[in-house]
Amino acid sequence: MAINDNKIYLASKSPRRRELLRQIGVEFEILMLRDFTPRGPDVSEIVLPGELPEDYVSRVTQEKALAAWNIMLMRKLPVRPVLAADTTVVIDKQILGKPGNRDEALAMLRLLSGNTHQVLTSIAVQHHRGNWHATQRSDVSFDVMTEDQMQAYCQLAEPYDKAGGYGIQGAAARYISHISGSYSGIMGLPLFETCQLLRQAGLFIP
């Protein structure tokens, strides 16, 4: 049953995306995708052979939005727009996911130190038969980090649940010398583009 309460479902477990939606006054409920089922995750985040980073992040995000929409229908939840997002960090065409351990986090920081990389955040809104999506790209420059600084940063919990092994809104900001693009996009949800897509899906946003 469709309802008109100007609320959405957010298909993400990211606390940062929740904070950003609250910042712009968008009401939401969490509709969690599953990482573990007998058939595997609801949406695989494996990069396909030869897939470009822009194509990868856009594909995964749209698959998340559609999967969450189908879960909503299966559970017979009130019908609302579904918002999904995915963030990918890219350096020299190499995709950096979330580090699985300290060694991986250190390896990522060594790549980022003294270099400029790209953060691609794709968003998708699924509603009835419509699917709206956009990908926002930002450039992020790191100052040269010493080995001691990298070791100290990897002692924090911060690197391990974020693509690229760092969070711009956390302690890593000490080492970021320049950004070009969308700060909220680097955090995981470009707010300007998000508002545009939600309006297209029929949500009232002033």
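In which strand is S141 found? S141 is part of strand 6, residues 130–142. Helices (H or I, at least four residues) and strands (E, at least two) are DSSP runs numbered from the N terminus. The model is predicted: local features need pLDDT of at least 70, side-chain atom pairs count only at pLDDT 80 or more, and totals for chains, interfaces and linings use all residues. Residues are numbered from 1 along each chain as its sequence is written, and side-chain values use heavy atoms, with hydrogens and water left out.

**View 1. S141 and its contacts.** S141 counts as buried because its relative accessibility is 13%. Buried means under 20% relative accessible area, exposed over 50%, and partly exposed in between (1.4 Å probe, protein chains only). Leaving out residues up to four places away in sequence, S141 touches N115, T116, Y175, I176, S177 and H178. Contact means heavy atoms within 4.5 Å.

**View 2. Helix 6 and what covers its buried residues.** Helix 6 spans residues 191–200. Its buried residues are L191, E193, T194, C195, L197 and L198. Their cover includes strand 1 (7–10), helix 1 (15–23), strand 3 (82–91), strand 5 (116–127), strand 6 and helix 5 (183–187). Just after helix 6, G202 has a positive phi of about 105°.

**View 3. A11 in its loop.** A11 sits between strand 1 and helix 1. Is A11 buried or exposed? A11 is buried, because its relative accessible area is 5%. Beyond four places in sequence, A11 touches L31, A68, V82, L83 and A84. R75 lies 64 residues from A11 along the chain, and their C-alpha atoms are 14 Å apart.

**View 4. The largest pocket.** Its volume is about 890 Å³. Of the 38 lining residues, R17, E45, K64, D86 and K98 are closest to the pocket's centre. A pocket is an open set of points on a 1 Å grid over the protein atoms alone, where a 1.4 Å probe fits, with protein on both sides within 12 Å along at least five of seven lines; lining residues have an atom within 4 Å of a point. Strand 3 gives the largest share of the lining, 5 residues.

Note on methods: Points joined across faces, edges and corners; volume = space filled by probe spheres on them.
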